[in-house]
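Dear colleague,

Please find below the sequence and the structure that I am handing over to you. My findings follow directly after it.

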Amino acid sequence: MSDVTFSSHAPGYWPAEAMDHWHDARWQLRNRVNSLADLEARLDLTDIERAGVLLAGHKLAMSITPHFFNLIDRDDPDCPIRRQVIPRIEEGWNAPEELSDPCGEDSHMPVPGLVHRYPDRVLFLVTDRCASYCRYCTRSRVVSGVGEQHLETQWEAAFKYLERTPQVRDVLLSGGDPLIFSDERLDRILTRLRAIPHIEFLRIGTRIPIFMPQRITPELCAMLKKHHPLFMSIHSNHPRELTSEVRDALGRLADVGIPLGNQSVLLRGVNDSVEVQQELVHKLLMCRVRPYYLYQCDLINGSSHLRTPVADGIAIIDGLRGHTTGYAIPQFVVDGPGGGGKIPLNPQYIIDSTPGKLTMRNYDGAVFDYPDPSPMPPAVLERLHQQSLQPQTL
Ligand SMILES: *Cc1c(COP(=O)(O)O)cnc(C)c1O
């Protein structure tokens, strides 16, 4: 049995007086660590990190909320929290297979800011800002505001497109992080979407419950509750992210009826083992969150140091399926480079297939033959017909 803990580390790297403001999301945002000086005042950096921070300024900004920063283990240069948010020198190299828009989103936008790839649903990019920036961000070409390209969401044109496109029944708000907006602004956006009769289902993709659980106030939850059916996909990669504050914030969302899913990114040196993934998914269930997708890290420029071979993701699913609760197991997906969308990849359970028979293995390697259905012999069919016409003698 693993020891499930939801410890909290506040105030850690901050003076004790910070506790007076710690639970205020605006204080968390104002006190983000976003310069080399801020960072070095708190943590001894390696040369690899210092160079990374100096290079990051023109690609993807560094910004780390005090809440998340406190999860960093100062004695561990390979700390899985640190690898997600502190830039490293490797970001300065684009591997030959890498791209600035690995999922081909820019070419699937009928209106700037609205990605319409699948028949019945759209991805609505409502902001380019987040509470903290993940170094492997799939949208780093536009996110954080320091790169060459900028997100220019055309609000009115996007709403008009949705109004005249009845096949869209599902709108996914993402960015950036939609929960960076005020309650009032989010309420206006959700209200406008809810006024479109063919839009059945809304969801929000956000990492704010992890980066800044203080944002999940009772007022926010009461506002979101008005817009059901509304789902939320959070983004947690490592069990240490699920602190008691995060668990309580997720509980507040679940209590207003928002079904919660988690999208993890498989990252080298962060969560690329069955043990870490298993602890993560078990803690997610304790937080009332259903693991949804495990993503292969997209081919985003400067991310090769964080990417694993595809086979590693399949091996992780193999190590979970059957060994733990089915609800705990995410679907491993690869986003087809250039705009293929999400492609599910699964362990191979079929060992052989001949006409009429499949040979398969179960989760712990036992082999089973499974016969395809046999056609009923015509003579039996005839006999049963005859029987059915006999007087019933019960
Ligand atoms: C991921 C994604 C969606 C949502 O896909 P689901 O499988 O329904 O979660 C929709 N549009 C785009 C462009 C996406 O990348």
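The largest share of the lining of the largest pocket, 4 residues, is supplied by β7. A pocket here is an open set of points on a 1 Å grid over the protein atoms alone, where a 1.4 Å probe fits, with protein on both sides within 12 Å along at least five of seven lines; lining residues have an atom within 4 Å of a point. Strands (E, at least two residues) and helices (H or I, at least four) are DSSP runs, numbered from the N terminus. The model is predicted: local features need pLDDT of at least 70 and side-chain atom pairs count only at pLDDT 80 or more, while totals for chains, interfaces and linings use all residues. Residues are numbered from 1 along each chain as its sequence is written, and side-chain values use heavy atoms, with hydrogens and water left out.

The pockets

The lining of the largest pocket comprises 41 residues, and Thr138, Arg139, Ser174, Gln263 and Tyr295 lie nearest its centre. Its volume is about 1000 Å³, a volume being the space filled by probe spheres set on the grid points, which are joined across faces, edges and corners. At least two lining residues come from each of β1 (114-118), β2 (121-125), β3 (170-174), β4 (201-206), β5 (230-234), β6 (260-266) and β7 (289-296). By class, the lining holds 19 nonpolar, 11 polar and 11 charged residues; Ala, Val, Leu, Ile, Met, Phe, Trp, Tyr, Cys and Pro count as nonpolar, Asp, Glu, Lys and Arg as charged, and the others, Gly among them, as polar.

The second largest pocket has a volume of about 320 Å³. Of its 17 lining residues, His58, Lys59, Ser140, Arg141 and Asn301 lie nearest the centre. This lining has 4 nonpolar, 8 polar and 5 charged residues. Domain 1 (16-90) and domain 2 (106-344) each contribute at least three residues to it. The assignment also gives domain 3 (350-389); domain bounds come from an automatic or database domain assignment. The centres of domain 2 and domain 3, taken over C-alpha atoms, are 42 Å apart.

Ser140 belongs to the loop between β2 and α6 (155-163). With a relative accessible area of 17%, Ser140 is buried, where buried means under 20% relative accessible area, exposed over 50% and partly exposed in between (1.4 Å probe, protein chains only).

The strands

β1 and β2 form a hairpin with 2 residues between them, and 3 bridges join these antiparallel strands; two strands pair if DSSP finds at least two bridges between them. Leu114 has Phe124 in β2 as its bridge partner. β2 also pairs with β3, in the parallel sense and over 5 bridges, with Val122 partnered by Val171 in β3. The path from β2 through α6 to β3 is a right-handed β-α-β crossover, that is, with the strands pointing away from the viewer, the path from the first strand over the helix to the second runs clockwise. In β2, 4 of the 5 residues are buried.

A right-handed β-α-β unit is also made by β7, helix α12 (residues 310-320) and β8. β7 and β8 run parallel and are joined by 3 bridges, and Leu294 stands opposite Phe332 in β8. Strand β8 (residues 331-336) has 5 of its 6 residues buried. On to strand β9 (residues 341-344), β8 pairs in the antiparallel sense over 4 bridges, and Val334 stands opposite Ile343 in β9. The hairpin of β8 and β9 has 4 residues between the strands, and Gly338 takes a positive phi near 85 degrees there.

Backbone points to inspect

Most residues other than glycine have a negative phi, and most peptide bonds are trans. The following sites depart from that pattern.

- Gly175 and Gly176 are joined by a cis peptide bond with omega about 20 degrees; Gly176 lies in the loop between β3 and α7 (183-194).
- His228 and Pro229 are likewise joined by a cis peptide bond, with omega about -5 degrees; Pro229 is in the loop between α9 (218-225) and β5.
- Ser144, in the loop between β2 and α6, has a positive phi near 90 degrees and is buried at 7% relative accessibility.
- Arg288, in the loop between α11 (274-286) and β7, has a positive phi near 65 degrees and is partly exposed at 46% relative accessibility.

With kind regards
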